[in-house]
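Visitor: I have a protein model open and would like to learn how to read it. Could you guide me through it?

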Amino acid sequence: MKLLVIGGSYFYGRVFVMEAAKEHEITVWNRGTYSMETFGVRQIKGDRHESAAGCEEDYDAVIDFCAYAPGDVKDTLELLTGNIGQYVFISTVDVYERDAAVMKSEDTPFEERVIAGEAGSYIAGKTALERELIEGCGARGIPYTVLRPAILYGPYNYAPRESAYIQMLLLNHALPRFTDAQGRFQFVYVKDAAQAIIACLGNERAYGQAYNVCGEEILTYARFFNTLRAVAQPEDLEGLAEVPFTVEQAAAQGVPVPFPATAAETHLCDNTKGKAELGLVYTDFEEGMRRTYRAFRNVYVQ
């Protein structure tokens with residue numbers, strides 16, 4: 001298939017391009033911060049709000065990794081004048097209304113309340129863009145698919161989440177222990193999330209559908225840290241200190257708290273639909289963390 005990837009040089013997009021380039025003809029359209037040409041793809045530098053010069057061809061699918069603000073999808077559809085066989089939009093499970101007691105399915109209502117801060121802007125943007133996608137693709141008769149991943153983890157993750165704790169373990173020989181963390185959360189290994197996109201491409205069953213993309217395990221901070229110690233090499237654990245913190249103390253001292261820490265922040269989603277309709281499978285969390293730890297260890301330990 002002939003694919004146009006918008007973004008595609010950072011974490012999730014980068015891994016997707018690496019996987020999909022084995023079988024598909026890929027053009028990557030982004031600001032050109034990182035070269036992707038070594039993966040055998042064509043790279044076009046550009047901004048969706050300015051020009052799509054070089055991208056006006058026909059594509060079997062467009063995969064949009066970096067639409068965040070209202071207008072991003074609308075502007076893209078206006079600039080891409082060729083035929084588009086499918087538009088795959090990468091959204092997030094965070095679009096669902098905040099209710100810690102409810103396991104969210106793809107039919108769960110969106111969050112409509114105004115949430116302060118950067119997280120609130122992100123949620124509002126993705127929610128608006130899903131609606132924009134439906135309207136814009138409907139007007140042009142373009143089939144669309146929405147993927148809503150949970151917390152992504154794995155090699156190449158530039159966000160200071162699991163890598164921050166791996167770095168603490170390796171360089172500071174310490175890990176926090178949150179004494180009052182009650183939050184629960186879900187991860188998805190980045191390669192599994194990339195395969196979810198591939199499973200949607202040209203798949204008529206996925207047209208007009210949204211899918212949660214999240215691993216099988218429901219995690220806590222205690223489970224996360226236990227897994228991290230389990231995948232570490234024995235020599236890395238020698239002299240490892242476990243430092244107790246309340247969540248409030250950690251935040252005050254600059255200790256990362258990147259995952260839901262309170263019971264009220266718990267946000268869990270059902271992955272049944274994607275497994276049943278797309279055949280999605282998920283890497284065991286310990287195995288995924290083992291691969292992730294190995295990759296980051298090669299970075300931090302020379």
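Predicted model: local features only at pLDDT ≥ 70, side-chain atom pairs only at ≥ 80, totals over all residues.

Visitor: Which strands does helix 1 lie across?

Guide: Helix 1 lies across strand 1 (2-6), strand 2 (25-30), strand 4 (61-64), strand 5 (87-90) and strand 6. Its direction is at about 165° to strand 1.

Visitor: And what does helix 5 lie across?

Guide: Helix 5 lies across strand 4, strand 5, strand 6 and strand 10, and runs at about 165° to strand 6.

Visitor: How should I read the sheet itself?

Guide: Strands of a sheet pair through backbone hydrogen bonds, either parallel or antiparallel. Here, 7 strands form an open sheet with parallel pairing, in the order 3-2-1-4-5-6-10. Strand 3 (42-45) and strand 10 (209-213) are at the edges with a single partner strand each, so one side of each has no neighbour in the sheet. From one strand to the next, the twist averages 20°.

Visitor: How many bridges join strand 6 to strand 10?

Guide: There are 5, and these two strands run parallel. Within strand 10, Tyr211 is the bridge partner of Leu147.

Visitor: At what angle do helix 1 and helix 5 cross?

Guide: The axes of helix 1 (residues 11-20) and helix 5 (residues 190-200) cross at roughly 60° and come within 9 Å. That angle makes helix 1 oblique to helix 5. Their crossing is right-handed. Among the contact residues are Phe11, Tyr12 and Val15 of helix 1, and Ala193, Ala194 and Ile197 of helix 5. The contact residues divide into 10 nonpolar, 1 polar and 2 charged.

Terms used
Residues numbered from 1 in each chain as written. Heavy atoms only, no water. Axes fitted to C-alpha atoms, helices over the stretch in contact; angles between N-to-C directions. Helix = DSSP H or I, 4+ residues; strand = E, 2+ residues; numbered from the N terminus. Parallel < 35°, antiparallel > 145°, perpendicular 65-115°, else oblique. Left-handed = near helix turned anticlockwise from the far one by under 90°. Contact = heavy atoms within 4.5 Å. Nonpolar A, V, L, I, M, F, W, Y, C, P; charged D, E, K, R; others polar. Pairing = 2+ DSSP bridges.
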